[in-house]
Amino acid sequence: MELFDYVDPRDRYRLVALLPESVRRFPARRAYELEVLQSLSKVDPPPGKVSISDLEGWTDWLQCRLVEATPRRELVELLSQSGRTKRIRHLATERLAGFTEQ
């Protein structure tokens with residue numbers, strides 16, 4: 001899946017479709033997660049709230065990367081309270097301190 005980092009986002013799903021059906025599940029999920037990560041990591045992210053129900057469907061991998069990458073304070077606050085693991089909640093709480101210092 002490291003290949004996805006070097007591929008145009010529009011081509012990720014085409015790459016997944018080339019894989020045998022028996023191994024598509026994980027790459028398809030990672031392609032989706034990278035789409036979410038890139039969307040919510042923009043300086044001017046798309047409008048709309050992220051809810052706890054969104055978090056429930058996100059993997060630890062995605063939640064950790066969002067804590068590090070998103071400019072959206074409200075998302076980091078949500079992850080600090082409702083992240084999947086203690087580690088994610090701790091990372092988000094530490095990141096919140098950086099928001100208040102700015």
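# Contacts and helix packing in a predicted model

User: With which residues is Gln63 in contact, leaving aside its neighbours within four places in sequence?

Analyst: In this predicted model, contact means heavy atoms within 4.5 Å. With the neighbours within four places in sequence left aside, the partners of Gln63 are Leu55, Trp58, Leu79, Gly83, Arg84 and Ile88.

User: Is Gln63 buried or exposed?

Analyst: Residues are numbered from 1 along each chain as its sequence is written, and side-chain values use heavy atoms, with hydrogens and water left out. Local features need pLDDT of at least 70 and side-chain atom pairs count only at pLDDT 80 or more, while totals for chains, interfaces and linings use all residues. A residue is buried under 20% relative accessible area, exposed over 50% and partly exposed in between (1.4 Å probe, protein chains only). Gln63 has a relative accessible area of 0%, so Gln63 is buried.

User: At what angle do H4 and H5 pack, and which word describes H4 relative to H5?

Analyst: Helix H4 spans residues 60-69 and helix H5 spans residues 73-82; their axes are 9 Å apart and the angle is about 135°. Axes are lines fitted to C-alpha atoms, for helices over the stretch in contact, with angles from 0 to 180 degrees between N-to-C directions. Angles under 35 degrees count as roughly parallel, over 145 as roughly antiparallel, 65 to 115 as roughly perpendicular and the rest as oblique. At about 135°, H4 is therefore, relative to H5, oblique.

User: Which residues of H4 and H5 meet, and how many of them are nonpolar?

Analyst: From H4 come Gln63, Leu66 and Val67, and from H5 come Leu75, Val76 and Leu79. Ala, Val, Leu, Ile, Met, Phe, Trp, Tyr, Cys and Pro count as nonpolar, Asp, Glu, Lys and Arg as charged, and the others, Gly among them, as polar. In this contact no residue is charged, one is polar, and the number of nonpolar residues is five.

User: What does Leu66 touch, not counting residues up to four places away in sequence?

Analyst: Leu66 is one of the core residues that touch the most other members. With residues up to four places away not counted, Leu66 touches Leu37, Leu40, Trp58, Leu75, Leu79 and Arg95.

User: How far apart in space are Arg95 and Val76, C-alpha to C-alpha?

Analyst: Arg95 lies in helix H6 and counts as partly exposed, at 26% relative accessibility. Among the contacts of Arg95 beyond four places in sequence are Leu66, Val67 and Val76. Arg95 and Val76 are 19 residues apart in sequence, and their C-alpha separation is 7.4 Å.

User: What distance separates the C-alpha atoms of Pro27 and Leu15?

Analyst: Pro27 belongs to helix H2 and counts as buried, at 5% relative accessibility. Pro27 and Leu15 are 12 residues apart along the chain, and their C-alpha atoms are separated by 8.9 Å.

Key
Helix = DSSP H or I, 4+ residues; strand = E, 2+ residues; numbered from the N terminus. Core = buried A, V, L, I, M, F, W, Y, C linked by side-chain atoms within 4.5 Å.
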